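Hi everyone, thanks for making the time. Let me bring the model up on the screen, and then we can walk through it together.

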Amino acid sequence: MSTVRFLVNGEPTELDVPGMRRLLDVLREDLGLTGTKEGCGEGECGACTVLLDGDVVDACLVPICQVDGSIVRTVEGLARPSHAPGEAAQLDELQQAFLEFGGAQCGICTPGMLMAARAYLDAGGGPDEAAIREAIAGNLCRCTGYTKIIESIAAAAPPGEGPAA
Amino acid sequence: MSTVPPSAPAPLIVPADSIVPGRARGRGPLRREGPAKLTGEAKYADDLVFPGAWYGATVRSSEAHALLHGFDRDDAFEWSKVVFVTAADIPGDNIVSLISDDQPVLVPLGGEIQHHAEPLALIAAPDRATLRAAKAAVTPRTEPLPPVFDPVVSEHVFAHYEISSGDLEAGFAQAEIVLEGTYTVGHQEQLYIENNAMIAVPEENGGLTVYGSLQCPYYIHKAMKRALALDDIRTRVVQAETGGGFGGKEEYPSIIAIHAALLARACRKPVRMIYDRHEDISATTKRHPAVVTHRTAMRRDGTLLAQDIDVVMDGGAYCTLTPVVLSRGALHAGGPYRCPNVRIRSRATRTNTPPNGAFRGFGAPQTEFAAETHLNRLAEAAGISPLEIRRRNVYVLGDTTPTGQVLRHSVAGEEVLERAAEAAEFERMRERTADARVAGNSHGGPYRTGLARRAPGVGIALAWHGAGFTGSGEVKLASVAAVELTGDGRIEILTGSTEMGQGTKTIFPQLVADALGVAYEDVAIAPQDTAFVPDSGPTVASRTAMVVGGLLIKASQRLRSTVEEAMGGSFADSYRGYVRSHGPLRIDQRFEPYPDVEFDDETYRGDAYPAFGWAACVAHVDVDLDTGEVAVLDVVAADDVGKVIHPVLAEGQVEGGTLQAVGYATIEEMQVRDGRYVNDRLATYLIPTALDAPRITSILVEAPFPDAPHMAKGVGELPMDVGAPAVVAAIHDATGVWIHDLPATPEKLLAALHGPRPATAHPDVLDAAVDAPIDAGPDPRPDAPTDPLPLRGVQPDGDEPTGDSPSDAPWDGSSR
């Protein structure tokens with residue numbers, strides 16, 4: 001057991017856990033953040049994608065000891081929380097675009113897809129199709145053919161500021 | 001649950017003629033469960049928490065065929081810490097109830113293991129570490145038996161059908177061209193991103209409830225009752241949010257639910273049976289492999305005279321849904337073409353491989369790949385365009401199919417063909433790829449375009465897909481769906497139809513709101529829980545929108561007229577008052593046969609389906625002649641769905657199905673060795689990524705189905721039928737070789753390219769070339785060893801002498 005301290009979606013978190021416990025299990029089982037999904041457990045599908053200090057990582061491949069002192073962002077941290085009880089959370093512009101453009105079907109790849117897209121947009125990514133394809137190449141989707149995911153991300157991107165293809 | 005402000009409520013149903021291909025956004029309401037999926041709040045099976053739950057695992061066979069004598073359990077392990085369940089602990093029948101009673105829940109002692117990864121025993125433990133230790137401490141004691149792996153030689157036949165019309169010999173007697181060919185397709189994994197998962201909870205009344213990832217709650221309900229000897233009340237199946245199905249969660253979840261329930265019964269605690277990816281690929285069902293042989297008689301002008309087709313499907317070790325898969329495969333085997341003399345013989349046999357089952361398309365993608373590839377070869381033999389041969393033979397209104405079905409309505413083969421060909425500029429692209437080949441002849445081999453390493457190609461395919469269940473299936477199902485005006489004044493839909501991404505929870509409220517004249521937001525949908533919802537039939541066969549949607553509209557119409565007659569005002573204005581004065585009202589609507597649709601299951605004559613959907617696809621590929629890799633760059637898909645209910649969701653089905661078909665055509669290869677899947681991980685079984693995926697343009701065509709109140713025919717499976725043959729045709733256009741064995745992997749393509757020189761378009765030599773062994777022969781390219789080309793990554797874009805600037809070349813995908 002070792003003590004790890006990190007920020008999850010802005011919340012300070014301290015846990016005594018085995019150092020090699022997967023970040024994925026810590027999020028899902030110890031912290032109850034089940035929005036992050038497991039699809040393969042070997043870093044192929046990207047369903048467990050989270051942001052670790054802003055970088056896209058597969059949470060199934062990250063031992064929790066490497067997270068000490070870091071900032072973790074998961075899908076639960078995207079929507080702006082409600083200010084009053086009973087009030088609905090406000091989707092961020094990326095989530096809203098996925099909703100309007102049909103970027104989510106079965107939804108199981110969606111949290112990971114959103115986090116990969118979030119990192120892309122946060123890094124200044126624009127609506128360029130090829131760049132978006134590259135940004136989500138580590139995230140498998142079996143429902144959409146990626147078409148509407150790409151459209152959703154492009155719609156959420158600032159217009160015309162994409163990196164050169 | 002977080003929500004977003006509702007989208008503009010109107011229009012609920014998109015008006016006719018308002019569909020703009022590829023641009024149908026902002027129409028139709030937002031996905032009902034979308035916000036929950038986008039915020040991570042949606043609960044999939046593995047997200048559900050049951051305090052004190054144990055973890056379950058399955059002890060599986062490592063042999064393809066053997067006798068099970070017993071289990072050696074290591075005495076060093078403390079067995080009292082776990083529960084160990086064998087076939088002897090099954091309270092009911094040791095059968096997974098489906099079509100045939102051949103599949104055991106667990107192989108009994110003294111029984112035969114029929115396939116690798118077959119369930120033999122079950123273990124549950126309070127934590128994962130103990131479970132792993134227990135599993136490692138048990139070894140099945142077995143005696144090997146000789147396995148059968150070849151479906152063609154297997155003598156155990158699950159099902160066979162023969163469909164015939166006209167006079168085959170007379171047809172061949174008139175032939176000006178006769179062409180034969182054999183086409184094979186392998187397994188395909190559904191590869192939903194959420195693995196199979198089921199949690200069983202013991203109830204105080206002695207019953208069992210399962211929560212899981214599933215398509216068909218009542219299939220599981222029926223199977224659980226039988227194996228666990230439970231009644232209706234004490235068996236409950238609840239669908240969790242489901243992360244994709246594609247048929248893979250049609251019948252297989254039944255055995256997982258029974259396993260979890262057996263363990264929960266034994267340890268008296270909730271038991272989580274969550275498959276990991278390796279177990280899911282190793283053990284669960286795949287698309288049926290098939291071998292299809294065509295012998296066709298044709299006039300020189302391309303008119304089909306006779307088709308003699310033989311279909312063999314590999315059912316795997318147990319029957320599962322194989323007879324129905326084979327039936328659909330056989331009924332679609334001729335393709336959507338008029339032909340006066342047809343014989344289709346089909347059989348599905350048993351092999352000692354894991355059972356095959358439902359997967360989007362359900363037998364049709366296999367046989368239609370063969371039919372379309374064969375037709376493309378016929379076009380080549382006759383020296384006419386692949387588009388033209390389809391124009392000359394495609395079914396039109398009033399034509400008769402081989403079962404004797406007269407196509408009386410909703411026939412859109414011509415329309416989807418022309419729309420796809422026009423949008424993709426098929427003939428112009430074909431001329432350009434031909435020019436590119438001619439330009440290349442003086443430099444490299446016959447298909448090497450000058451100095452270019454890559455060869456462009458374009459291909460087309462056309463398909464039909466029977467809407468709803470085959471034959472008398474819908475009549476036998478007698479599905480029920482209900483709309484209820486609840487005591488607290490809400491409108492609620494009650495169906496067993498599941499949401500697995502396709503949009504059930506969005507289109508049902510749309511249809512009901514439209515029929516009742518109320519807002520989309522005012523219609524709720526009840527959870528898919530057998531304690532509350534009726535059996536609406538399985539969520540399969542593209543039948544949900546068409547059949548169950550139709551039931552809901554009829555129920556709504558009855559509800560509306562009852563309320564309006566009682567209250568004298570519009571339903572929207574008076575339904576809350578109706579509840580106050582009359583109390584709640586629930587209308588159950590049972591399926592009524594479509595008029596004049598009759599099928600004889602014995603003779604295979606009559607109306608095989610109430611209607612057909614039609615799909616065409618044009619694919620542009622770019623083949624790397626050095627590596628054999630195929631990049632599918634652009635696909636135009638035109639699909640006739642009868643009536644578009646929600647354009648964004650319908651397009652989503654076309655796009656997703658198209659990519660699954662592209663994967664089927666190119667990279668999705670399940671390798672089987674000694675009855676075991678070799679590449680049983682996501683690191684080794686590949687599906688397309690965003691970089692592999694083509695740009696997909698979908699064109700939604702509406703040829704209304706008049707016997708459904710909303711004219712819809714279903715969409716899910718249509719695109720799966722056309723993608724693979726279009727890609728294979730495009731590979732041929734690029735390289736001159738026909739790949740007749742899916743998938744067209746780089747290995748197969750290189751072997752074909754380096755084998756005997758591909759045939760010219762002369763029927764007498766075609767067979768020899770296509771069916772010749774593909775052993776690597778001498779490299780036909782004289783300058784290959786000293787190829788001066790730089791690597792692909794540093795090659796300037798558009799350098800290929802295709803005769804066009806790269807900007808308007810649709811296959812220029814170098815930036816991807």
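Two residues count as in contact if their C-beta atoms, placed from the backbone, lie within 7 Å. Before I use that, some housekeeping: this is a predicted model, where local features need pLDDT of at least 70, side-chain atom pairs count only at pLDDT 80 or more, and totals for chains, interfaces and linings use all residues. Residues are numbered from 1 along each chain as its sequence is written, while chains are lettered from A and ligands numbered from 1 in the order in which they are written.

So, the interface. 45 residues of chain B are in contact with 45 residues of chain A. On the chain B side, α1 (34–39) and α16 (647–666) each supply at least two residues; helices here are DSSP runs of H or I with at least four residues, strands are runs of E with at least two, and both are numbered from the N terminus. The largest share, seven residues, comes from α16(B).

Now to the sheet in chain B. Seven strands form an open sheet with mixed pairing, in the order β3-β5-β1-β12-β9-β10-β11; strands pair if DSSP finds at least two bridges between them. What stands at the edges? That would be β3 (83–85) and β11 (235–239) of chain B, each with a single partner strand, so one side of each is left without a neighbour in the sheet.

Further in, β1(B) pairs antiparallel with β5 (119–125) over six bridges, and B:R60 has B:P119 as its bridge partner in β5(B). On parallel terms, β1(B) joins β12 (271–274) of chain B over two bridges, with B:W54 partnered by B:V271. Thanks, all!
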